[in-house]
Amino acid sequence: MDVSTLNLDLAPAPCVVLERARNHPERIRFRVRRGEAWHDVSWGRFADELRACTRWLIDHGLVPGQVAAVYAASSVEWAVAALAIQAAGGVLVPVYPASTAEQAGYVLEHADARVVFVAGREQRARLGELRARLLALGAVVAMDTREPAADAVSWAEVLAAGAADRATPALVDQRLAAVDLDAPGFMLYTSGTSGPPKGVPLTHRNVGVNARDWLVNNSPGIEDGDRDLLWLPFSHIFGFGELCLGNTLGLSL
């Protein structure tokens, strides 16, 4: 692939999705297997949900520099929530879905998470055990339900913020434009060799430079029209990196 045809200017990861959607809204970004059928998610839908989630975060008080976490298995909703956190100027903390209540609790408490996006019955139950100790936590969003719940915001409620974004899109546009490439975009927790997990901040620039180098070095093995098969969880930096590289390349995942 000739990467000179791509826009390799450094930008926060959500910007790439929105640019791709403006140019090719009907093309397929994700193909998701549910039961016996495949369901397609277009770039346009991906971008619309990203903006809606960003607007919901802004309306519910997430300010630049604050932490929001995603505690769930990989899904389209995971990708939307993660990129929306960054678009709102927040710091994304991924939590491995296999984390026990104690492990997840340590990360969320240490990171001072203000919002947690969760999916999966086990993950929701573990998070329920932790609510009393997570003093900074303002909201829990259940991404796998569209029904109202007493202890969580439904995904449908988050997506409903898309109506406000369509009415006044400048709010999301201005927040995204204000994201500093040298500000932390991630806080990744790694166990290291001893003690509790260590929080490792990565800036938007750090991740962007790594991605650009990967594209330049591996472009001879990439062809236009390739399809991406994701085998790493989004909560792993390489899994998230593959998601973002696919956004840049316009791949169907």
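Predicted model: local features only at pLDDT ≥ 70, side-chain atom pairs only at ≥ 80, totals over all residues.
1. (Exposed means over 50% relative accessible area, buried under 20%, partly exposed in between, with a 1.4 Å probe and protein chains only.) Asparagine 217 sits in helix 9.

2. Residues are numbered from 1 along each chain as its sequence is written, and side-chain values use heavy atoms, leaving out hydrogens and water.

3. Helix 9 covers residues 204-218, 15 residues in total. (Helices are DSSP runs of H or I with at least four residues, strands are E runs of at least two, and both are numbered from the N terminus.) From first C-alpha to last, helix 9 reaches 21 Å, close to the expected 21 Å. (The expected span is 1.5 Å times one less than the number of residues.)

4. Which residues of helix 9 are buried? They are His204, Gly208 and Leu215. Seen down the axis of helix 9, they fall within an arc of 30 degrees, so they line one face of the helix. (The arc is taken from the directions between the helix axis and the C-beta atoms.) Their cover includes helix 3 (76-87), strand 8 (184-190), strand 9 (198-203) and helix 10 (237-249).

5. Helix 9 packs against helix 10 at about 65 degrees, with the axes 11 Å apart. (Axes are lines fitted to C-alpha atoms, for helices over the stretch in contact; angles run from 0 to 180 degrees between N-to-C directions.) Ala211, Trp214 and Leu215 of helix 9 meet Leu245, Thr248 and Leu249 of helix 10. (Contact means heavy atoms within 4.5 Å.)

6. Now arginine 55, in helix 2 (residues 43-59). Is arginine 55 buried or exposed? At 10% relative accessibility, arginine 55 counts as buried. Leaving aside residues up to four places away in sequence, arginine 55 touches Ala161, Ala164, Asp165, Thr168, Leu171 and Val172.

7. Aspartate 112 lies in the loop between helix 4 (101-111) and strand 5 (113-118). Aspartate 112 is partly exposed, at 35% relative accessible area. Its phi is near 60 degrees, a positive value in a residue other than glycine. Most residues other than glycine have a negative phi.
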